[in-house]
Amino acid sequence: MTTAERPFPHRHLLGIAPLAAADLERILDLSERFVELHERPIKKVPTLRGRTVINLFFEPSTRTRVSFEIAAKRLSADAINVSAAGSSTGKGETLVDTAQNLMAMHPDVIVVRHGGSGAPALIAKHVDAAVINAGDGTHEHPTQALLDCATIRHHKGQIAGLEVAIVGDIEHSRVARSGILALAKLGARVRVCAPATLLPPGIEGIGGEETAARVRSFYRVDEAVEGADVVMMLRIQGERIGGAPRFANTREYARFFGLTEAVLRRAHPEAIVMHPGPIQRGVEIVPEVAEGPRSVILDQVSRGVAVRMAALYLLGGPEPGAEGAGAGGGG
Amino acid sequence: MDLLLRGGRVIDPSGGPDRAVDAAHDVLIREGRIAEIGAGLAAPAGGRAVDVKDRLVVPGLVDLHVHLREPGQEYKEDIESGTKAGAAGGFTTLCCMPNTDPVNDGRAVTELIARRGRDAGWTRVRPIGAISRGLEGRALAEFGEMREAGIVAVSDDGRPVMDAGLMRRALEYARTFDLPVVQHAEDLGLSAGFAMHEGPVSTRLGLQGQPSPAESVMVARDLELTELTGGRYHVAHASVTRTVELLRQAKRKGLRVSAEVTPHHLALLDEACGDYDTSCKVAPPLRAAVDRDSLREGLADGTIDCIATDHAPHSSIEKDVEFGAAACGMIGLETALPIALGLARDGTISLSRAIDALTRAPARLFSLEREGVGTLSVGAPADVCVIDPDETWIVDRDKMRSRARNTPFHGREMTGAAVLTLMAGRPTWDPLEALS
């Protein structure tokens, strides 16, 4: 596994934005090796033996937390889950306090899920461990984008040249932001689609020229899906929507932005359907499509473990240049 | 102590734009007042003479918008530390906002602040009273009694007056006592949950934005009410293009309106929030380049009357947290002067306009010229700021006179500094020990 021996040029994984296409490809390549490991009767390698990974989750999460936990354990790291409630508002322990307290226990990697955009970056400023962003507010969710790319690559062979539609609550979605950045960096074209109330200004340019040239916005789902190779549906993030309402009700939303079999027929015949979960059946996607033949939703979940193993390996693995690192029996 | 400031470049815009003094002159100070300005003056008997060649000698700077946090939030700043920071920045008069704890909505708190300011002795302290009792936006505060106790304006700063009916009555009631009404213009429906300016940067960072009209719809409403009432209306910390355009129209119409702009809105853009640096979180938020350019233009042509810092000290408790949870505000007293001088250096505004915007113009808006503030006229109190326009220095948040460290300019090089501040002829800032 020679690709894994080169030092990874980033200390943390705070987002897709700071990564180059080569960094993304490296993680994806490595994840494929780990997928093979899942097929074996013994799914564990000794690569991160003696390393400590703390999963610090300030928001409820099942999928992502379990995925990171399994990833760490399959690499033989000691994984500890910490669920912390709420955010710092001047009362109780602040985020920085929490991070510094955990740091006193010398973890090698801290995986952070937090409701505030930028929270993992704040933690990274105050700790020595590598920080992996497992979703921060409405900012980024880089490992989700990576597992989405891994899934697309598996089913489509490559990402460059694909047409990917992302439909749903773009404004409040960290999955959308990381996805747009990763897909554009890897050469796909992205169509984002939402009612105007959920399409934030400048979404096409969030990655500068790199995304501006490759991202287009749509208000009509049938136009967004037309001929698409990948259709990615997002849920409405009701818990993050404050102030004035963004649409009339879920019935009307489903009618104009939901993915039905009729809408899906406009996509490329070989199109795959994705969703980062959790799904609100009957709102953004009908059950027949979510469970239908084009759906790769559960495949996304299993690739999540492999991608997170790759991220943990590259950031929490042996020091750059150390001998005998190897991804164990992964390759 | 009598004092002669010898050979400085005296800039005093108080005669108005056409009759502003700008010449090499000596300034003689006797018994705390400006005694004479001219060439070749003799040092006073028993007094001191200080050579200020190559320095600017201007009226002590006036800031219409600071938060001194006393009473109630002394862990962030107090009148002693805040006014000391002011003196170090060249200021001799600070007008402090009423969002203290308790709120300055009556005579007792006004008197307390005024007395604590006098006792500290670093600058003149002129309190601003609340518009509404408890800043709650319902009942009017006691404008009349606060006026007697020394307030120079009314404002609910930090909060807008959302209720148009209350704003109308505030403008009328303030007119009764000849007080300007200072509005923190922000429509709360448009700004709900904001962390920064709404635009491509907020989208990229995943932070809730407030659009530019959050300010300008409020300004537009208030200008209608100003016309209705004939009141005096002052826009605090103007931040968007449309506000400048609305003010320009209103002034042309002859309404009694005025506005201030902060050094940070003149100097910084929303991009500064890019690294989730909470010292850049402020209300109104740092805006887009087009807004900054309009503000500079408005300052140059007088649509925006003056520069005010909105010095807003916070501690690490409010700032060393996630961006969304952080308090709004930044300190500004010790960095305002070099930012204004920088705009003059790069030709955005003239040097005399820069000085005007920090002295005569703000003094006039809150009627402080009646007590001789903002001028070097003979007979006025000797509030003087001596500036080295060429001194370069690096902002270090750990070495501020303010108790707070929340400056977005930490580590930046600045050019220009106050090297001597006098209040009524007495040195309040003398880092070169010219008078010791």
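**The interface of chain A and chain B**

Author: In this predicted model, 25 residues of chain A are in contact with 18 residues of chain B. Ser117(A), Pro201(A) and Ile206(A) supply 27% of the area that chain A buries against chain B, more than any other three residues. Between them the two chains bury about 1,500 Å², and carbon and sulfur atoms account for 54% of that area.

The rule finds one salt bridge across the interface of chain A and chain B. Six residue pairs are found in polar contact across the interface, both residues of each pair being at pLDDT 80 or more.

As to the elements involved, helix 3 (95-103) and helix 4 (119-126) of chain A each supply at least two residues of the side of chain A that touches chain B. Helix 4 of chain A gives the largest share of that side, namely five residues. By type, the residues of the side of chain A that touches chain B divide into nine nonpolar, eleven polar and five charged.

For context, one helix of each chain may be described.

Helix 5 of chain A comprises residues 142-156. The distance from its first C-alpha to its last is 21 Å, close to the 21 Å expected for its 15 residues at 1.5 Å a residue. This helix is mostly covered, with twelve of its 15 residues buried. Among the buried residues of helix 5 of chain A are Pro142(A), Leu146(A), Leu147(A), Cys149(A) and Ile152(A), and also Asp148(A) and Arg153(A). Just after helix 5 of chain A comes Gly157(A), which takes a positive phi of about 85°.

In chain B, helix 8 covers residues 241-253. Its 13 residues should span 18 Å at 1.5 Å a residue, and the end C-alpha atoms are 19 Å apart, so the two values agree. Buried residues in helix 8 of chain B include Thr241(B), Thr243(B), Val244(B), Leu246(B), Leu247(B) and Ala250(B). The cover over the buried residues of this helix includes helix 7 (213-229), strand 13 (233-235), strand 14 (257-261) and helix 10 (289-301) of chain B. Gly254(B) follows helix 8 of chain B and has a positive phi, near 95°.

Technical notes. Residues are numbered from 1 along each chain as its sequence is written. Chains are lettered from A and ligands numbered from 1 in the order in which they are written. This is a predicted model: local features need pLDDT of at least 70, side-chain atom pairs count only at pLDDT 80 or more; totals for chains, interfaces and linings use all residues. Side-chain values use heavy atoms; hydrogens and water are left out. Helices (H or I, at least four residues) and strands (E, at least two) are DSSP runs, numbered from the N terminus. The expected span of a helix is 1.5 Å times one less than its number of residues. Buried means under 20% relative accessible area, exposed over 50%, partly exposed in between (1.4 Å probe, protein chains only). Contact means heavy atoms within 4.5 Å. Buried area is the accessible area (1.4 Å probe) that two parts lose on being put together, summed over both. A salt bridge is a side-chain nitrogen of Lys or Arg within 4 Å of a carboxyl oxygen of Asp or Glu. A polar contact is a pair of N or O atoms within 3.5 Å; within protein, one must be able to donate a hydrogen and the other to accept it, and residues adjacent in sequence count only if both atoms are side-chain atoms. Ala, Val, Leu, Ile, Met, Phe, Trp, Tyr, Cys and Pro count as nonpolar, Asp, Glu, Lys and Arg as charged, and the others, Gly among them, as polar.
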